Amino acid sequence: MLYKNFVSALLISSFLATPSFSAAADPMTDYGTTASNVFFYYEDVEAAKTFYNEVMGFRVVADYGAAKIMQVAPKSFITLVDHESGMHSADEPKTTAIAIVTDQLDEWWDYIQTQDVEMRTKEYDPEPGRAHHGFVAVDPEGYFLEFERFNEHAENVDFMPVLDATETLYADPDSNVPEGLGFKATVVWFYYKDMEGIQRFYEETLGFDLIVDQGWAKIYPIGPTGYFGLVDETLGMHNFTETKAVTLSIITDDVDGWYEYASNSPAIEMRSEEISDTERYRAFVAYDPEGYFIEWDIFKDSDENKALVEAIEAE
């Protein structure tokens with residue numbers, strides 16, 4: 001089922017006077033998304049794959065050699081990229097984090113203590129009454145992994161019904177993860193200087209619909225189990241950096257519609273001059289106002305993509 005019902009219609013009236021811009025009432029509704037993905041960049045991509053598969057239990061749904069696509073939650077993915085083949089270097093600051101959302105936070109804490117994993121969080125003592133609980137681990141090359149549970153709370157009044165209706169994807173049975181543990185969603189966090197400006201960009205230009213307002217952090221759905229978070233860099237786990245070793249990926253079945261919209265929007269700076277068309281996928285890339293890369297993708301029904309396409313299209 002396509003992700004076209006999470007967001008409300010929004011007229012982008014500020015662009016109507018521009019003859020070359022064909023305004024959509026709401027690009028998220030008009031063009032939609034089917035899943036979410038994020039690209040991380042590594043010096044040793046094979047070691048990263050081993051970590052995420054064996055220690056974290058993520059399933060490998062496509063392996064292109066220089067890029068490995070891992071399924072984290074039902075419609076949420078991480079792509080591990082050999083930095084020599086990607087758009088970013090592993091030497092760039094890792095100005096991002098990914099929250100992996102679970103109802104089994106206590107069990108994940110107990111398990112992760114048995115593994116050789118660097119921990120940013122040294123003690124886990126969830127305080128009752130908070131909107132969310134969590135702890136942070138660090139992957140082999142420095143990306144932050146935030147294990148997180150959202151709780152019944154006024155802050156989450158719109159979020160909890162969606163999470164409660166979302167199934168857990170259990171870990172790969174061949175991994176180290178105990179049977180019955182898994183994740184149901186992801187939140188990719190980016191860190192910004194101008195929160196008001198970046199919020200306007202994602203809401204008014206890209207049509208993202210706010211689902212959680214934490215004050216200094218905002219969460220938006222960008223797929224059935226994938227979310228995107230804006231964070232005030234003065235209060236989050238990272239400060240703003242000019243370069244960042246991460247790309248947000250929006251998977252869609254209408255990459256042409258998104259490209260037509262983005263390439264004609266005066267508010268969007270394009271990196272791609274056209275849609276890249278390969279044997280595996282079609283995609284294009286743009287920049288957000290503070291320099292993060294955003295990529296829109298559609299994956300082709302090829303032998304290499306069989307498990308990935310099945311996961312994206314699963315009911």
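Leaving aside its neighbours within four places in sequence, with which residues is methionine 56 in contact? The model is predicted: local features need pLDDT of at least 70, side-chain atom pairs count only at pLDDT 80 or more, and totals for chains, interfaces and linings use all residues. Residues are numbered from 1 along each chain as its sequence is written, and side-chain values use heavy atoms, with hydrogens and water left out.

**View 1. Surroundings of methionine 56.** Beyond its neighbours within four places in sequence, methionine 56 is in contact (heavy atoms within 4.5 Å) with Phe51, Ile100, Trp108, Ile112, Leu145, Phe147, Val177 and Phe183.

**View 2. The largest nonpolar core.** This core (buried Ala, Val, Leu, Ile, Met, Phe, Trp, Tyr and Cys residues joined through side-chain atoms within 4.5 Å; buried means under 20% relative accessible area, with a 1.4 Å probe and protein chains only) has 88 residues. Tyr52, Met56, Phe147 and Tyr202 have the most contacts inside it. Strand S11 (residues 185-192) supplies the largest share, seven residues; strands are DSSP runs (E, at least two residues), numbered from the N terminus. A second, separate core of twelve residues includes Ala67, Ile69, Phe299 and Ala311.

**View 3. Lysine 68 in strand S3 (residues 67-73).** Lysine 68 is buried, with a relative accessible area of 1%. Its side chain makes polar contacts (pairs of N or O atoms within 3.5 Å, one able to donate a hydrogen and the other to accept it) with the side chain of glutamate 46 at 2.6 Å and with that of aspartate 63 at 3.0 Å. The C-alpha atoms of lysine 68 and threonine 79, eleven residues apart along the chain, are separated by 5.5 Å.

Methods: Buried means under 20% relative accessible area, exposed over 50%, partly exposed in between (1.4 Å probe, protein chains only). Helices (H or I, at least four residues) and strands (E, at least two) are DSSP runs, numbered from the N terminus.
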